[in-house]
Amino acid sequence: MYLLLKYIHLIAVASSISLFTTRAIWMLMESELHQRQWIRKLSQSIDTILLLSAISLTFVIKQYPLQNDWLTVKVTALLVYILFGTIALNRGKNRLARRCALLIAFLSVAYIIWVARNHYPWPWLL
(Lines give C-alpha, C1' and ligand atoms only; values in the text may rest on other atoms or scores of the structure.)
Protein backbone atom coordinates (compact mmCIF):
# COMPACT_ATOMS: atom_id res chain seq x y z
CA MET A 1 0.00 0.00 0.00
CA TYR A 2 2.86 2.37 0.84
CA LEU A 3 4.50 2.06 -2.57
CA LEU A 4 1.22 2.56 -4.43
CA LEU A 5 0.44 5.72 -2.45
CA LYS A 6 4.00 6.97 -2.82
CA TYR A 7 3.93 6.58 -6.62
CA ILE A 8 0.50 8.19 -6.90
CA HIS A 9 1.83 11.05 -4.79
CA LEU A 10 5.01 11.43 -6.86
CA ILE A 11 3.08 11.39 -10.14
CA ALA A 12 0.69 13.99 -8.76
CA VAL A 13 3.65 16.13 -7.59
CA ALA A 14 5.27 16.01 -11.02
CA SER A 15 1.96 16.73 -12.76
CA SER A 16 1.11 19.61 -10.43
CA ILE A 17 4.51 21.27 -10.78
CA SER A 18 4.50 20.78 -14.55
CA LEU A 19 1.06 22.29 -14.95
CA PHE A 20 1.88 25.17 -12.60
CA THR A 21 5.06 25.87 -14.57
CA THR A 22 3.14 25.79 -17.86
CA ARG A 23 0.51 28.15 -16.50
CA ALA A 24 3.25 30.44 -15.15
CA ILE A 25 4.89 30.60 -18.58
CA TRP A 26 1.54 31.43 -20.15
CA MET A 27 0.99 34.12 -17.53
CA LEU A 28 4.43 35.63 -18.21
CA MET A 29 3.67 35.59 -21.94
CA GLU A 30 0.41 37.40 -21.13
CA SER A 31 -1.60 34.60 -22.69
CA GLU A 32 -5.12 33.96 -21.48
CA LEU A 33 -4.51 30.19 -21.66
CA HIS A 34 -3.55 30.01 -17.99
CA GLN A 35 -7.05 31.18 -17.05
CA ARG A 36 -9.01 28.72 -19.19
CA GLN A 37 -11.66 26.93 -17.16
CA TRP A 38 -10.61 23.39 -18.13
CA ILE A 39 -6.96 24.14 -17.23
CA ARG A 40 -8.01 25.42 -13.81
CA LYS A 41 -10.25 22.36 -13.25
CA LEU A 42 -7.42 20.03 -14.29
CA SER A 43 -5.07 21.77 -11.88
CA GLN A 44 -7.60 21.50 -9.04
CA SER A 45 -8.15 17.79 -9.79
CA ILE A 46 -4.43 17.02 -9.76
CA ASP A 47 -3.95 18.99 -6.55
CA THR A 48 -6.83 17.12 -4.92
CA ILE A 49 -5.20 13.79 -5.77
CA LEU A 50 -1.91 15.16 -4.47
CA LEU A 51 -3.45 16.23 -1.18
CA LEU A 52 -5.40 13.00 -0.66
CA SER A 53 -2.33 10.88 -1.36
CA ALA A 54 -0.27 13.01 1.03
CA ILE A 55 -2.82 12.63 3.81
CA SER A 56 -3.01 8.88 3.18
CA LEU A 57 0.78 8.60 3.31
CA THR A 58 0.92 10.31 6.70
CA PHE A 59 -1.32 7.59 8.12
CA VAL A 60 0.63 4.79 6.47
CA ILE A 61 4.03 6.03 7.69
CA LYS A 62 2.54 7.15 11.02
CA GLN A 63 4.15 10.58 10.87
CA TYR A 64 1.99 13.65 11.27
CA PRO A 65 2.26 17.44 11.09
CA LEU A 66 2.76 19.05 14.50
CA GLN A 67 4.40 15.83 15.68
CA ASN A 68 7.23 15.65 13.15
CA ASP A 69 9.02 18.92 12.43
CA TRP A 70 9.90 18.07 8.82
CA LEU A 71 6.24 17.38 8.00
CA THR A 72 5.07 20.51 9.82
CA VAL A 73 7.35 22.78 7.78
CA LYS A 74 6.45 20.92 4.59
CA VAL A 75 2.75 21.62 5.16
CA THR A 76 3.55 25.24 6.06
CA ALA A 77 5.60 25.64 2.88
CA LEU A 78 2.71 24.10 0.93
CA LEU A 79 0.41 26.82 2.28
CA VAL A 80 2.98 29.45 1.22
CA TYR A 81 3.12 27.88 -2.24
CA ILE A 82 -0.68 27.90 -2.57
CA LEU A 83 -0.95 31.51 -1.42
CA PHE A 84 1.78 32.88 -3.67
CA GLY A 85 0.82 30.62 -6.58
CA THR A 86 -2.67 32.09 -6.43
CA ILE A 87 -1.25 35.61 -6.37
CA ALA A 88 1.04 34.81 -9.30
CA LEU A 89 -1.61 33.26 -11.53
CA ASN A 90 -4.82 35.00 -10.49
CA ARG A 91 -4.76 37.73 -7.92
CA GLY A 92 -1.60 39.74 -8.56
CA LYS A 93 -2.43 43.40 -9.13
CA ASN A 94 0.37 44.03 -11.60
CA ARG A 95 3.17 42.27 -13.48
CA LEU A 96 5.80 42.91 -10.80
CA ALA A 97 3.58 41.52 -8.03
CA ARG A 98 2.86 38.43 -10.10
CA ARG A 99 6.55 37.86 -10.87
CA CYS A 100 7.58 38.26 -7.23
CA ALA A 101 4.81 35.90 -6.12
CA LEU A 102 5.88 33.40 -8.79
CA LEU A 103 9.46 33.46 -7.52
CA ILE A 104 8.31 32.82 -3.94
CA ALA A 105 6.01 30.01 -5.13
CA PHE A 106 8.85 28.28 -6.98
CA LEU A 107 11.22 28.71 -4.01
CA SER A 108 8.54 27.13 -1.82
CA VAL A 109 8.30 24.17 -4.20
CA ALA A 110 12.07 23.70 -4.13
CA TYR A 111 12.03 23.80 -0.33
CA ILE A 112 9.14 21.31 -0.13
CA ILE A 113 11.01 18.88 -2.40
CA TRP A 114 14.21 19.26 -0.37
CA VAL A 115 12.40 18.63 2.92
CA ALA A 116 10.48 15.66 1.48
CA ARG A 117 13.68 14.02 0.27
CA ASN A 118 15.70 14.63 3.43
CA HIS A 119 13.07 14.60 6.19
CA TYR A 120 14.96 17.52 7.68
CA PRO A 121 13.47 21.03 7.81
CA TRP A 122 16.57 23.23 7.95
CA PRO A 123 18.73 22.92 4.80
CA TRP A 124 20.75 26.03 5.70
CA LEU A 125 22.01 24.35 8.89
CA LEU A 126 23.73 21.43 7.17
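**Helix H1 and its two partners**

Mentor: The crossing of H1 and H3 is left-handed. This comes from a predicted model. Let us stay with this pair for a moment.

Two packed helices are described by the angle between their axes and the distance between the axes. The axes of H1 and H3 come within 10 Å. They cross at roughly 30°. The cut-off for roughly parallel is under 35 degrees, so H1 and H3 count as roughly parallel to each other. H3 covers residues 69-91.

Which residues of H1 meet H3? They are His-9, Ser-16, Phe-20, Arg-23, Ala-24 and Met-27. From H3 come Lys-74, Tyr-81, Gly-85, Ala-88, Leu-89 and Asn-90. By class, the contact of H1 with H3 has 6 nonpolar, 4 polar and 2 charged residues.

Now turn to the other partner, H4. H1 spans residues 2-28, and H4 spans residues 95-118. Their axes come within 11 Å and cross at roughly 165°. Angles over 145 degrees count as roughly antiparallel, so H1 and H4 fall in that class. The crossing of H1 and H4 is left-handed.

On the H1 side, this contact is made by Ile-17, Phe-20, Thr-21, Ala-24, Met-27 and Leu-28. On the H4 side, the residues are Arg-95, Arg-98, Arg-99, Leu-102, Ala-105, Phe-106, Val-109 and Ile-113. The residues of the contact of H1 with H4 divide into 10 nonpolar, 1 polar and 3 charged.

Now step back to the whole chain. The chain has 4 helices and 0 strands. From the N terminus on, the order is α-α-α-α. The radius of gyration is 15 Å, close to the 14 Å that the globule rule gives for 126 residues, so the chain is as compact as a globular protein of that length. Its C-alpha atoms fill a box of roughly 45 × 35 × 20 Å, taken along the principal axes.

How much of the chain is buried? Buried residues make up 30% of the 126 residues. Finally, take the contacts with a separation of 6 or more: residues 24 or more positions apart account for 62% of them.

Note on methods
Residues numbered from 1 in each chain as written. Predicted model: local features only at pLDDT ≥ 70, side-chain atom pairs only at ≥ 80, totals over all residues. Heavy atoms only, no water. Axes fitted to C-alpha atoms, helices over the stretch in contact; angles between N-to-C directions. Helix = DSSP H or I, 4+ residues; strand = E, 2+ residues; numbered from the N terminus. Parallel < 35°, antiparallel > 145°, perpendicular 65-115°, else oblique. Left-handed = near helix turned anticlockwise from the far one by under 90°. Contact = heavy atoms within 4.5 Å. Nonpolar A, V, L, I, M, F, W, Y, C, P; charged D, E, K, R; others polar. Rg over C-alpha atoms; globule rule 2.2 N^0.38 Å. Buried < 20%, exposed > 50% of the residue type's maximum accessible area, 1.4 Å probe, protein only.
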